[in-house]
Amino acid sequence: MSPMIPLFRPSFPEVVRQAITQDIDSILRDGALMLGAHNTALEAALAETAATTCAATVNSCTTALTLALDFFGARGNEVLVPSASFITSVSSVLFAGGSPVLVDANPETLSFSLEDLRRKITPRTRGMLWVHLTGVISAEADDILEFAREHGLFVVEDCAHALGASYGGRKAGSLGDAGCFSFYPTKIVTSGTGGAVVTSNPGLDAHVRKMRLFGKRPGDGQVDALGNDWFLDEIRACVARHHLSCMPQQSARRDAIAHAFRKGLAGVPGIGFPRVPEQSRPSYYQFPVFLSSRELQQRVARRLNDEFGIQSKKIYTPTHEEVCFRHLDDGSLVNAADMLHRSLCLPVHATMSDEDVARVVSALRTTVDGNQSQ
Ligand SMILES: Cc1ncc(COP(=O)(O)O)c(C=O)c1O
């Protein structure tokens, strides 16, 4: 069998690895491991990428989400959050002292169902955590933002998948009140682990900077809030900063792979794609296709792995099916569950060759075709 094609693979070209090695040597030589030049440079580059005026790094996207939700007053209030997301989109609301209200998905946009948003709003709703799942900003972005404005809700964008994505020229992280990024190993830019809050709200930026250093006030250093050492150390900031410099080239490759998948799989009976409107530029963190049933999804994923050496996965298990969140299932989250269980993310990363892409297309066509009637 040909070598396994992994689902994710961070890529650091040789010149970048050399630059990182040299910089880490300087960091260690100088003993300057905290919030120095690499963090400052990374924050400037992130603010530029997201088209915001501020960016503050932290140790994970979950921390970023929690601090943003805390700042906007989630505590004691309800926050609308999609069931179709990663677990910490929901747990960050609880960490911030709020009550997550799970919202069903629109399977075409991979984002909030507007109908369910309207059903779930109550006098206690304070804001929403809007996830750009797989790196696609919803085709209903303007309606979602209008809904939030109408009801006076804060909007925290979970951009863990969406670094570099845009909608109508507006960058992920700049559409709402804040955007939160992840530098987890599978992400578009990684530092091992890490995260950041981008915003054009200087108050939020100052809050994150204070909370990531134990809650110490700038100036007199008094602790007036319960923070922690949530900052991103210089070594990881250095890795992320260099990796971010590779993003234009690597994102162009993701784009090319996504277009090749769409072209190669167009018209195959039983394979659907998310709706990506003309004005949307996804990051293609993941490339999901949708099969006609969850049973077919499972068979196809197994055959891709066992017979063709190709890794794939569903986007996520719906959060309301996780043991710790089952109590949040009010029976309305059916589209989110159906969409996620039928989803199949194909490998998409900068190191994939054209031959790898052709192998994925051909294997998927063969497996879907061979399993359709079973
Ligand atoms: C949508 C989403 N939000 C948040 C996170 C959490 O990111 P981190 O691991 O950096 O806390 C992830 C991680 O995969 C994610 O996919």
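Helix H1 (residues 14–30) and helix H8 (residues 234–245) pack at an angle of about 155°, and their axes are 10 Å apart. H1 and H8 are therefore roughly antiparallel to each other, a label for angles over 145 degrees, while those under 35 degrees count as roughly parallel, 65 to 115 as roughly perpendicular and the rest as oblique. Axes here are lines fitted to C-alpha atoms, for helices over the stretch in contact, and angles run from 0 to 180 degrees between N-to-C directions. Helices (H or I, at least four residues) and strands (E, at least two) are DSSP runs, numbered from the N terminus. The model is predicted: local features need pLDDT of at least 70, side-chain atom pairs count only at pLDDT 80 or more, and totals for chains, interfaces and linings use all residues. Residue numbers start from 1 along each chain as its sequence is written.

H1 passes H8 in a right-handed crossing; the crossing is right-handed if the near helix is turned clockwise from the far one by less than a right angle, and left-handed if anticlockwise. On the H1 side the contact uses Val-16, Ala-19, Ile-20, Asp-23, Ile-24 and Ile-27, and on the H8 side Glu-234, Ile-235, Cys-238, Val-239 and His-242. Two residues are in contact if their C-beta atoms, placed from the backbone, lie within 7 Å. By class, this contact has 8 nonpolar, 1 polar and 2 charged residues. Ala, Val, Leu, Ile, Met, Phe, Trp, Tyr, Cys and Pro count as nonpolar, Asp, Glu, Lys and Arg as charged, and the others, Gly among them, as polar.

H8 also meets helix H2 (residues 37–50): the two axes come within 8 Å and cross at roughly 40°. H2 passes H8 in a left-handed crossing. From H2 come His-38, Asn-39, Ala-41, Leu-42 and Ala-45, and from H8 Glu-234, Ala-237, Cys-238, Ala-240, Arg-241 and Leu-244. The contact of H2 with H8 has 7 nonpolar, 2 polar and 2 charged residues.

A further pair is H3 and helix H7 (residues 202–211), which pack at about 125° with axes 10 Å apart. That angle makes H3 oblique to H7. Their crossing is right-handed. Leu-67, Ala-68 and Phe-71 of H3 meet Leu-204, His-207, Val-208 and Met-211 of H7. This contact has 6 nonpolar, 1 polar and no charged residues.

At the boundary, 29 residues of domain 1 are in contact with 29 residues of domain 2. H4, strand S3 (99–103) and strand S8 (166–167) each give two or more residues to the side of domain 1 that touches domain 2. That side has 18 nonpolar, 9 polar and 2 charged residues.
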